[in-house]
Each structure stands twice: as C-alpha cells, then as structure tokens.
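Dear colleague,

Please find the structure below, handed over for your review. A summary of the findings follows it.

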Amino acid sequence: MRTTQFPLNTVKETPADAEIASHQLMIRAGLIRKLAAGLYTWLPLGLRVMRKVEKITREEMEKTGALEVLMPGLQPAELWQETGRWEQYGPELARLKDRHERDFCLGPTHEEIITDLARNEIKSYKQLPITYYQIQSKFRDEIRPRFGVMRSREFIMKDAYSFHLDQESLQETYDAMYQAYTNIFNHLGLKFRAVIADSGSIGGAVSHEFHVLADSGEDAIAFSTDSEYAANVEQAEALQPTSPRSIPSKELEKIPTPGQKSISEVSESLGIAPQEILKTLAYVQKVKTPQNEDKEAFWLLYLRGDHELNEIKTRKILGEFRPATDEEIEQHLKCRAGYIGPPSKELLKKSEPFNWIADRSAIHMVDFVCGANESGFHLKGCNWEKDFLEIPISKLPKGHVADIRKIVEGDPSPDGKGQITLARGIEVGHIFQLGTKYSESMKAGVINEGGKNQIMIMGCYGIGISRVVAAAIEQNHDDKGIIWSANLAPFQVALCPMNMHKSERLKAASEKLYQDLLAAGIDVLFDDRKVRAGFMFSDMELIGIPHCIVVGDRGLDSGTVEYKARTAEANEEIPFADVIDFLKEKLA
C-alpha cells in the first residue's frame with residue numbers, strides 16, 4: 001500500500017481528554033476518531049489492526065469446531081424478561097421502543113438470543129455438543145465512558161456459546177476454548193495470564209478471565225511465585241494463618257482517642273502498626289422473612305487493620321448488602337462510625353445477639369486495639385476469648401469465621417506453592433461455565449437418549465476484539481509511539497525512500513523493491529509522500545510498524561539499504577539484493 005493512496009492521519013497534539021497511553025496513541029496515530037462520548041469511528045489504519053485480531057480469533061474458533069453466526073444487535077425485551085435480566089441488568093442496558101411501542105434493547109451480550117435460537121433449532125441430543133460464535137458490535141450505556149475504546153459504549157466483541165447434554169461435555173469444550181484463547185493471545189504476541197474469576201452478572205459456577213499484563217490495567221491479579229496459580233484478587237482465597245496464635249499478655253484498657261477514627265490516625269497516635277488494630281465495618285443485609293417480606297439485618301465484619309474487605313467474597317455469604325448509615329450504627333451500638341468494635345460481653349448480655357463475621361486473619365489476632373463502641377475511645381490489649389466471645393474460638397458455630405478480605409502481596413499462594421505477588425491486568429477475554437441459568441428459564445431442552453426432554457447445559461466465551469487493540473498498545477509502547485507485534489501491526493514493513501521525488505534512479509529502485517516485496521507476500525507500506533525524512537520516520541515510529549527499510553542515493557551507490565527494527569537503537573546496512581530474504585527471516 002502507498003501512503004499517497006492510504007493517508008496517514010497522524011496528529012502531533014495529545015487530546016486533552018485522553019487519559020491513558022492507548023487512547024492518546026490511537027488518536028495521534030490515526031487509528032480512531034471520537035464521534036461522541038464512548039463512540040469512535042475506526043479509521044483505515046486502526047481497522048487493519050482490528051481485522052488482524054478478528055482473523056486470528058476466527059482461525060482458532062474454527063479449530064475448535066465452532067460455527068459462525070450473526071445475530072441481531074437489536075433484541076426484543078420479551079427474551080430478556082424470560083430470564084429476568086430485563087429488570088436485573090440495570091441502566092447499562094440501552095433500552096428503546098419501536099414505532100409500535102414495543103420494548104427492545106441494544107445487545108450488550110447475546111445469551112438470551114442464542115438460547116432462543118438453540119431451543120428452536122436443536123431438537124435431539126444427537127445434535128450436541130454444538131458451539132456458535134459471532135464477531136459483532138455490542139452496546140453498553142456506560143455511566144462514564146473513558147479510556148477511549150477500552151471502556152466505550154459501542155465495541156466489537158467475539159462471543160461464543162456452547163450447548164451440551166452433560167457436564168463432562170461442557171468441560172471438554174471449556175478446556176478447548178481455554179486452549180484456543182491461549183493460542184489467540186500468543187499469536188497476537190501479548191503477555192497475558194488466565195486467572196480464576198468471578199462470573200458476575202453473566203452467571204455460572206466456573207470462569208476464567210484472560211488479562212493482558214499492563215501497569216495501567218484496572219484489575220489487580222494475584223500470581224504465585226512458584227506455580228501457575230493466578231486469580232483475580234476478588235476471587236483469590238486468603239488462607240487461614242498457619243502459625244500458632246500467640247498467648248495473650250496484655251490487660252484490657254480504654255484510652256481516649258478524640259477525633260481519631262481511621263486506621264491510619266489510630267496507628268499514628270498510638271505508635272502501632274495497622275495490623276495490630278482490628279477494623280470493624282458495619283453493614284446491613286437484605287433478607288427475606290419466612291413470609292417472603294423484605295427485612296434488613298445489621299452485621300459487623302471484622303478485618304485486620306491493614307486488610308480490605310472483599311465485597312465479592314462477602315456477597316457470596318450475605319447476598320445483597322450495603323454499608324450501615326450513621327443512624328443505624330448509633331441505634332445498634334450507641335456510638336459513631338470510627339469507634340466501632342466487637343460488642344463486649346456486658347453489651348451482649350443487655351442486647352439481642354449480634355450478627356458478625358471475622359476474617360480468618362482477624363480472628364487470629366491477640367492483644368489488639370479496636371473501637372470501644374463509645375465515641376472518642378478505643379480499647380487496647382483486646383483478646384477475643386477473654387473480652388468478646390462467650391465460647392472458645394475453636395467452638396464457634398460455622399460461618400462466624402470466613403475468608404472475606406482481599407489477598408495481598410506476600411500472602412501464601414492458595415495452592416500451597418510459593419507466595420502471592422500482584423500485578424495489573426486488562427481483561428480482554430472471559431470464559432464461563434453457565435450451567436442451566438439461561439436454558440432452564442427459557443426452557444431450552446432436547447430429547448435425550450431415553451426419549452425424555454432434558455434441559456441443555458451451556459458455556460459462554462467472550463473476547464473484546466476492539467479492547468485487545470487498546471490493551472496491546474498499553475502493554476507495548478514508548479515515548480515515540482506504538483510498538484506492534486508482527487501479527488498485529490497494520491503493515492509488517494515500512495519502505496522509506498529518502499527524497500525520492502528528487503532522484504529518478506532512487507524512485508525506480510524503490511518502486512522495484514516495493515513490487516518485489518509485494519510479490520514475496522510481505523505486507524508493506526510504501527511511503528511515497530513528498531515529506532522530510534525526519535517527518536517520515538516519526539510517523540512510522542508513531543504508528544508502530546515493526547520493520548523499516550530505508551533507501552537512499554548513497555546506499556544505491558554501495559548496493560545497500562538501511563534496516564531498522566522499531567525497538568532497535570541503531571540501523572544496520574544490508575545488501576540490496578538480500579532484502580527479501582532478510583525480511584522473510586525476520587518475519588518468520
């Protein structure tokens with residue numbers, strides 16, 4: 001392709017609203033242009049990159065036996081109402097009415113649509129297993145679109161759905177998809193990890209996220225130093241401390257702490273480490289009475305002062321919950337937030353039993369500091385069994401001690417091998433074992449071998465195609481621009497003649513080399529513009545073409561060209577006659 005036929009829409013200025021590198025560079029390199037908040041037009045250069053992601057994805061999907069379909073982006077509300085997600089999904093679901101006042105939405109995902117297709121097309125167990133996939137636009141009405149195409153309202157996604165008669169079959173397809181995703185991201189030249197994940201609003205019992213590792217990633221990932229274990233920090237288990245609990249040695253003492261509410265304030269005031277302080281959080285749980293009436297229950301959650309509550313883990317125990325208000329804390333404990341602690345044995349005798357959960361690390365603490373349940377005061381020298389519990393820790397009913405915190409750097413790995421280290425990641429893929437969440441509610445069944453109707457088991461497998469492009473840039477860029485891997489680059493090679501418009505022999509030699517490169521099957525961008533050398537090189541570095549061949553009059557005299565890799569510090573000279581073989585070896 002010639003630059004005179006393929007304009008490079010590069011810009012020097014960084015857009016004011018572009019916060020991260022990928023957003024800045026995608027605008028500056030001319031990959032995308034903003035239409036409105038969270039909406040972008042893909043320009044020819046950017047579309048070439050995205051099509052390469054699609055091509056590799058299609059190749060790996062087809063290797064698994066998946067069949068490509070194309071489903072409507074506009075979806076009728078009736079299908080979403082069957083699964084209950086019309087009400088559950090929330091404001092991110094872009095809803096609209098047609099001219100007949102019928103409710104529709106713009107599809108953020110296609111579980112309902114594919115399940116409707118399957119229940120109408122698949123009748124017998126002999127047709128299973130089967131996997132359908134598509135590459136298509138999705139719509140999510142993000143409350144705050146940001147980071148360019150990383151979190152946009154319209155994006156390109158590959159979503160696949162599998163249908164099975166039993167769990168064994170689902171596991172086989174799930175494993176095949178796991179391998180296919182691994183192959184895709186390896187082919188794209190990305191550093192990534194597959195991590196154990198929470199299924200979120202999609203549902204299902206088993207899921208893995210695929211994260212491109214980048215310092216700007218929104219998600220924290222926990223890795224083992226000595227094994228392949230990896231999990232999202234919200235999902236990673238924080239193990240019970242293995243060391244014996246220390247023997248208590250201090251007496252309980254109430255101390256004034258006026259205005260000192262936070263862990264850091266108390267820590268600094270008393271000259272102790274945060275891990276010596278018990279953090280008490282008050283929450284309200286939404287529950288149903290036996291008469292199916294809505295009710296709220298007050299809970300206290302105990303953490304070590306240097307730990308944070310993991311809401312996903314806690315939600316699996318309590319269901320829906322919210323932070324307690326100041327008024328609710330006053331009502332139950334007669335103190336203000338910031339001075340809460342476990343109810344004393346005396347308080348427990350005067351009131352209803354308290355609902356509480358202590359994190360595994362919190363229950364292991366001795367001689368700790370905590371709130372005194374009296375505004376302006378804390379307690380020192382606290383110990384669970386002596387001061388707060390009416391029975392020994394070893395005899396506590398099941399449920400009072402649980403893993404409710406986020407895992408931290410240095411924690412033992414949940415698989416028992418090594419310690420945890422944390423990194424940042426950008427989620428680009430997610431695979432789920434859905435089970436029967438959608439097929440059961442939509443009555444998607446087949447006639448089994450015994451002649452009876454059986455609900456199908458489902459799997460779901462997504463890749464954010466447009467997000468992969470941005471994630472690759474976040475992982476691979478420098479102060480000059482984008483650094484593409486060979487399989488992602490819009491062009492493999494840039495051919496840059498110096499002042500070609502001033503030299504007929506240079507023009508002829510460059511034209512011949514261009515045609516030879518094309519004939520050799522090399523994807524080349526021939527910069528035939530009348531621009532200065534510095535401007536030409538700056539553009540090629542900005543758009544990130546991996547290999548650059550520079551042709552000049554002096555090189556023609558010596559029968560050489562200059563070669564520069566995108567990340568190399570210096571150029572190297574190669575014989576003109578060897579250019580094709582040299583590049584083929586580089587691209588192999």
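**Surroundings of Glu-474**

Not counting residues up to four places away in sequence, Glu-474 touches Ile-20, Ala-21, Ser-22, His-23, Met-150, Ala-214, Ser-216 and Ile-426 (contact means heavy atoms within 4.5 Å). Please note that this is a predicted model, in which local features need pLDDT of at least 70 and side-chain atom pairs count only at pLDDT 80 or more, while totals for chains, interfaces and linings use all residues. Residues are numbered from 1 along each chain as its sequence is written, and side-chain values use heavy atoms, with hydrogens and water left out.

Glu-474 is found in helix H14 (residues 465-475); helices are DSSP runs of H or I with at least four residues, numbered from the N terminus. Glu-474 is buried, that is, under 20% relative accessible area with a 1.4 Å probe, protein chains only. Glu-474 has no salt bridge (a side-chain nitrogen of Lys or Arg within 4 Å of a carboxyl oxygen of Asp or Glu). The nearest side chain of opposite charge, Arg-467, is 11 Å away; Lys and Arg count as positive, Asp and Glu as negative, and His and the chain ends are not counted. A polar atom of the Glu-474 side chain lies 2.6 Å from the backbone nitrogen of Ser-22.

**Nonpolar cores**

The largest nonpolar core has 68 residues, of which Met-26, Leu-31, Phe-185, Leu-188, Val-469 and Trp-484 touch the most other members. Such a core is a set of buried Ala, Val, Leu, Ile, Met, Phe, Trp, Tyr and Cys residues joined through side-chain atoms within 4.5 Å.

Yours sincerely

Notes
Buried < 20%, exposed > 50% of the residue type's maximum accessible area, 1.4 Å probe, protein only. Helix = DSSP H or I, 4+ residues; strand = E, 2+ residues; numbered from the N terminus. Polar contact = N/O pair within 3.5 Å; in protein donor to acceptor, adjacent residues only side chain to side chain.
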